Amino acid sequence: MTLLAHDRYCDEIAHQVGLLRSVVTSGADLSGTVPTCPDWSLEDLVRHTGGALRWVEFIVRTRAEEEVPEERVPGLAGPGTRGDAAVLDAWLAESGEQVVAALREAGPDTKVWSWAGILNSGFWARRMTHEITVHRADATLAAGLPYEVAPDVAADAIDEWLQIVEFVQRTAPHDAARELRGPGRSIHLHATGTGPNLNAEWLIELTEDGVAWRRGHEKATVALRGPLTRVLLAFYRRLPLDAPELEVLGERELLEFWLERATFG
C-alpha cells in the first residue's frame, strides 16, 4: 500500500472544494435534508466540511502540539447569514484556499498534533482529502447530481478507512469494535474496470486479534464487487448494498455486520 504524494493530496483538496462549491451554487436546496447524514441539512454539511478545513489549517499553520478547541479557530462556524449560496460559497472557497496553502507550506513532514498517532502534516493532507471527498458524495447525492472520484483517490480512501479501523481496534476498543473479532471470517472488496496497475482489491480478515487487511485478490467469506466509486460509497455506507452495479457474493450478513460496526472514527 502506497500513499499518494503530498502535492497530490493538496491538489485533490483544492479540486474537491471546487466540486463541492459547484453543488452549493447549483440551485440545490440548502435547507434540504442530507439522506446519508439525516441530522444535517445541505448547508449544515457544507459548514461542517469547511469548518474542518479551517480547523486543520489552524493546526498545521500554528504547528499545534495538542488538540485545538474549535472556538479558537477564526471563521470555523461559517457566515452568520444562512441560506445565502453566494456567501456560503465564498466562505468555502476561502476555507479551501487557506488549508491548501498551509499544507503546501508545511510539506508532509512538519510535526503537528493529530488524533491518530501520526504526528505530521502529511496525515492531515490525506485525512482532509478523504473527509471532503466523502462529504462531497453526501452533498451530491442530496442534490441529485452525478458523483465520481479519481481511481487513485478512491482506492486510497479505502486504504485510509481500513487503517482508521485498525487504529481504533488497537487504541480504543469498544463494544462494537470487539464484536468484529473472531476467527475464520473475511471480506473481499473487488473494484472492477480499474486496470491491473491500481490493484483495487482488498482482503479484510476479522481475527481474534483484531482486523487485518491487505490489497489483493483472494477468496473470502463475502465479496462486494462493482465499479470502484460505487464500492467506495457502499463501504462508507453512502450507497445501499443492493444499489445498481453492486454485487454481493457469499455471506451478505457478514458484510452488513461489518458496515454496522466499523463506522467509528
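**A first walk through the model**

Modeller: Happy to, and let's begin with a cysteine: Cys-37 has a relative accessibility of 12%, so it counts as buried. Keep in mind that this is a predicted model.

Colleague: What about Cys-10, buried or exposed?

Modeller: Cys-10 is buried, because its relative accessibility is 0%.

Colleague: And how many disulfides does the structure hold?

Modeller: It holds 0 disulfides.

Colleague: What happens at the start of α4?

Modeller: There, a side-chain oxygen of Asn-120 comes to within 3.1 Å of the backbone nitrogen of Gly-122. Just after α4, Gly-144 takes a positive phi of about 70°.

Colleague: Where is His-135 found?

Modeller: His-135 is found in α4, the helix of residues 121-143. With 10% relative accessibility, His-135 counts as buried.

Colleague: Let's go to the core. Which residues have the most contacts inside the largest nonpolar core?

Modeller: Those are Trp-124, Ile-204 and Trp-258, in a core of 85 residues. The largest share of this core, 11 residues, comes from α5.

Colleague: Tell me about α5, then. How many of its residues are buried?

Modeller: Helix α5 is mostly covered, with 15 of its 21 residues buried. Running over residues 151-171, α5 reaches 30 Å from its first C-alpha to its last, close to the 30 Å expected at 1.5 Å a residue.

Colleague: Back to Trp-124. What does it touch?

Modeller: Not counting residues up to four places away in sequence, Trp-124 touches Trp-55, Val-56, Ile-59, Val-60, Leu-103, Val-112, Trp-113, Ser-114 and Trp-115.

Colleague: Several of those are tryptophans, I see. How many aromatic pairs does the structure hold?

Modeller: There are 8 aromatic pairs in the structure. In one of them, the ring centres of Phe-123 and Trp-124 are 4.9 Å apart and the planes are at 80°, so this pair is edge-to-face. Phe-123 counts as buried at 9% relative accessibility, and Trp-124 does at 1%.

Colleague: Which residues form the aromatic cluster?

Modeller: One cluster is formed by Trp-55, Trp-113, Trp-115, Phe-123, Trp-124 and Phe-167.

Colleague: New topic: where does Arg-47 lie?

Modeller: Arg-47 lies in helix α2, residues 42-61. Its relative accessible area is 10%, so Arg-47 is buried.

Colleague: What does the side chain of Arg-47 reach?

Modeller: The side chain of Arg-47 reaches the backbone oxygen of Ala-77 at 3.0 Å. Beyond residues up to four places away in sequence, Arg-47 touches several others, including Leu-76, Pro-79, Arg-82 and Trp-91. Leu-76 is 29 residues from Arg-47 along the chain, and their C-alpha atoms are separated by 8.1 Å.

Colleague: One last stop, Pro-183. Buried or exposed?

Modeller: Pro-183 counts as exposed, because its relative accessibility is 58%. You will find Pro-183 in the loop between α6 (175-178) and β3 (185-192).

Colleague: And what does Pro-183 touch?

Modeller: Pro-183 touches Leu-206 and Glu-208, not counting residues up to four places away in sequence. Val-99, in turn, is 84 residues from Pro-183 in sequence and 43 Å from it in space, C-alpha to C-alpha.

How values were computed:
Residues numbered from 1 in each chain as written. Heavy atoms only, no water. Helix = DSSP H or I, 4+ residues; strand = E, 2+ residues; numbered from the N terminus. Expected span 1.5 Å × (residues − 1). Buried < 20%, exposed > 50% of the residue type's maximum accessible area, 1.4 Å probe, protein only. Disulfide = S-S within 2.5 Å. Core = buried A, V, L, I, M, F, W, Y, C linked by side-chain atoms within 4.5 Å. Contact = heavy atoms within 4.5 Å. Phe/Tyr/Trp six-rings, centres within 6.5 Å; stacked < 30°, edge-to-face > 60°. Polar contact = N/O pair within 3.5 Å; in protein donor to acceptor, adjacent residues only side chain to side chain.
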